[in-house]
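Please examine the sequence and the three-dimensional structure shown below. The report then describes selected features in turn.

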Amino acid sequence: PMTLDTVLAIFSTTKAITGAAAMQLVERGTVQLDAPASSYLPLLADTQVLDGFTDDGTPILRAPKTDITLRNLLTHTSGFVYEAWNPNVVPYIKATGMPPFGTRARAALRVPLMFDPGDRWEYGVGIDIVGVLIEAVTGTTLGRFCADNIFGPLAMHDTGFTANESMAQRRARVHLTTGDGLVPFDLPEPTQPEFEMGGGGLLSTVPDYLRFTNAILRGGELDGTRILDAAT
């Protein structure tokens, strides 16, 4: 049963909110869209491109031909992909022992690129990386930054990366579509997450999310509160 204040896992619609948070930092001059993203998140300086595997399954890695930029990360042109849809990520994880991205372990951020930045588009974890970049430059968590700069100003009281007691009582279960219809499915939750997933980790309600989308439709302002410049 659904009500207007039912709390949902909103998955990839989280990306638009993380994108807005990143663009707030661009407006402030804290980060630049086309500067090397490693300037703000140093771990990206060591990111390599997966160029295939040897006959025995050993990954073949090389340096990227171009730097990863914040624009690449925001537009799915960085080379970071989703392991669920790119056939090379799972073999890499098995060969190296790197934790899957869903564990939210910082070691998972060492995943290689599947192509050179800017070469093509592929849906992926780039905006999760943006969330970690936001944490690096602001010195706070992604959730705290969004609460202070988006959720609070827009009166989105039922949105966050973790559920408070009230939200938990109204949270809907995830369901899968199967041959038997809709079946409840409990998503595994990491026991000790080391970062918040800017690409898919938010909980929210429909009315809360509509406040965000209305602010975007109105050029960055809602009820007299501006979160982004109209030009942005």
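The structure is a predicted model.

## The nonpolar core

The largest nonpolar core of the model comprises 58 residues. Within this core, the residues with the most contacts are I17, L44, F80, I150 and F212. At least two core residues come from each of α1 (14-28), β2 (49-53), α2 (70-74), α3 (89-96), α4 (126-138), α5 (142-151) and α7 (206-217). Helix α1 provides the largest share, namely six residues.

When neighbours within four places in sequence are left aside, I150 is in contact with I17, A20, A21, Q24, F145, M156 and F212. Two of these partners, I17 and F212, are also listed with I150 among the residues with the most contacts inside the core.

## A pair of antiparallel strands

Strand β2 is joined to strand β3 (residues 59-62) by three bridges, and the two strands run antiparallel. L50 has L61 in β3 as its bridge partner.

The hairpin formed by β2 and β3 has five residues between the strands. In this hairpin, G57 adopts a positive phi near 90 degrees.

A215 is located in helix α7. Is this residue buried or exposed? A215 is buried, because its relative accessible area is 0%, and the limit for a buried residue is under 20%. Not counting residues up to four places away in sequence, A215 touches L154, G220, E221, L222 and I227. Between A215 and L203 there are 12 places in sequence, and their C-alpha atoms are 19 Å apart in space.

With residues up to four places away in sequence not counted, D158 touches M167, R170, L203, S204, T205 and D208.

## A nonpolar patch on the surface

Which residues form a nonpolar patch on the surface? The patch consists of F11, L176, F185 and L187, which together have about 320 Å² of accessible area.

One of these residues, L187, lies in the loop that connects β5 (181-185) and β6 (203-204). L187 has a relative accessible area of 34% and is therefore partly exposed, since this class lies between the limits of 20% and 50%.

Conventions:
Residues numbered from 1 in each chain as written. Predicted model: local features only at pLDDT ≥ 70, side-chain atom pairs only at ≥ 80, totals over all residues. Heavy atoms only, no water. Patch = residues over 30% accessible without salt bridge, like charges linked within 9 Å, V, L, I, M, F, W, Y side chains within 5 Å. Areas by Shrake-Rupley, 256 points an atom, 1.4 Å probe, with all protein chains shown as cover. Salt bridge = Lys/Arg side-chain N within 4 Å of Asp/Glu carboxyl O. Helix = DSSP H or I, 4+ residues; strand = E, 2+ residues; numbered from the N terminus. Buried < 20%, exposed > 50% of the residue type's maximum accessible area, 1.4 Å probe, protein only. Core = buried A, V, L, I, M, F, W, Y, C linked by side-chain atoms within 4.5 Å. Contact = heavy atoms within 4.5 Å. Pairing = 2+ DSSP bridges.
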